[in-house]
Amino acid sequence: MNRNIPFLDMRSPYQELKHELDNAYQQVMESGWYIMGNELDAFEREFADYCGTRHCVGVGNGLDALHLILRAYGIGDGDEVIVPSNTYIATWLAVSYAGAKPVPVEPVEHTYNLDPERVASAITPRTRAILPVHLYGLLADTDPLLMLANQYNLRLIEDAAQAQGALYKGRMSGNLGHAAGFSFYPGKNLGALGDAGAIVTNDDKLAEKVSELRNYGSKVKYYNNVKGYNSRLDEIQATFLRVKLKHLDEWNQRRQKIASAYLDLMAGLPDLILPSTLDSTEPVWHIFPVRHPKRDDLQKYLNNKGVNTLIHYPVPPHLSGAYADFGMLKGNFPIAEKIASSELSIPIGPHISLDDVEYVANTIREFVSQA
């Protein structure tokens, strides 16, 4: 009998934390203060402590987080920012919003993250920053990227949208470069119940600048020092995030057990490429990506067996309509294109049962044996 295994279970997290989340919501509602209040201040302190950084600045979403970092560093017209060729388009959009040019660089294929050797070759006199993405909750190799950034006087800005709680050589994601942008979109490992994001940094001046930019360019209400933006993490989302932050490590550990089970159950299957991780890292498995040359057939087979999947991401940014004006063609970034045509994300999360994990893995085994 087929099952119905969702790709993303959004109800179980609420049910597990229902009492805490409902109480937190009630407290905010009764306070009568919904923007830039005590809950935001508390979350910013707690998330900065969690990441091991001096500062956290809550903003409206992950795209805004990256955009405001770039703006605050004065990166704009005529500047170049190195980005992965394979990522969600928001990484590129943040650079475009700032007025700079995204310069795509291919990943190391088996880790899905920026290749430091290719990054070194892409640096020009106009380069101002390197923007790696910890894709799927797997860690980019940031130490060589930071060495390049320091050598060429660049900023290393992490897109940590998918990596809350991941560790690189014992250091927390978000604390591996000069600044980091996080998304707390509901499906993230640390997810709000709406759009939300944050910037973390040890740079005092950057923290002051992005705090001003997110709030209409104002430190004091009605006194606007620069042309800013409206991108503020509201009190309700902040209080929800405070509740869920307490459970993040435990929920990440559940994801790690599920990922280990998948890796064991599907090891050695012909033509199925399983994800690889860097030594000395602890990924948090926001996504569990597998790759197969008959990806579309595999997705259809799983769907018919009651297993819901997604593709992250079917169109590389350089082939999207949004960047048609760049004149980039199919074949320009073959690794990104190969990943886009073969990647399939299977269910993972802190509330999927090991029984369902075995069912998913066995269903993939069935397909591979037939293929």
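Modeller: Start with Glu-109, which is partly exposed at 24% relative accessibility. Partly exposed lies between buried, under 20% relative accessible area, and exposed, over 50%, with a 1.4 Å probe and protein chains only. This is a predicted model, where local features need pLDDT of at least 70, side-chain atom pairs count only at pLDDT 80 or more, and totals for chains, interfaces and linings use all residues. Residues are numbered from 1 along each chain as its sequence is written, and side-chain values use heavy atoms, leaving out hydrogens and water.

The partner is Lys-338. Its side chain meets that of Glu-109 in a salt bridge, at 3.5 Å from N to O. Such a bridge needs a side-chain nitrogen of Lys or Arg within 4 Å of a carboxyl oxygen of Asp or Glu. Glu-109 lies in the loop between strand E3 (101-105) and helix H5 (116-122), and Lys-338 in helix H11 (residues 334-342), so the pair ties together parts 229 residues apart in sequence. Helices (H or I, at least four residues) and strands (E, at least two) are DSSP runs, numbered from the N terminus. Lys-338 is also partly exposed, with a relative accessible area of 42%.

The structure holds 17 salt bridges. Another joins Asp-115 and Arg-118 at 2.9 Å, N to O. Here Asp-115 is buried at 13% relative accessibility, while Arg-118 is partly exposed at 36%.

Now the wider setting. The chain has 12 helices and 14 strands. Buried residues make up 56% of its 371 residues.
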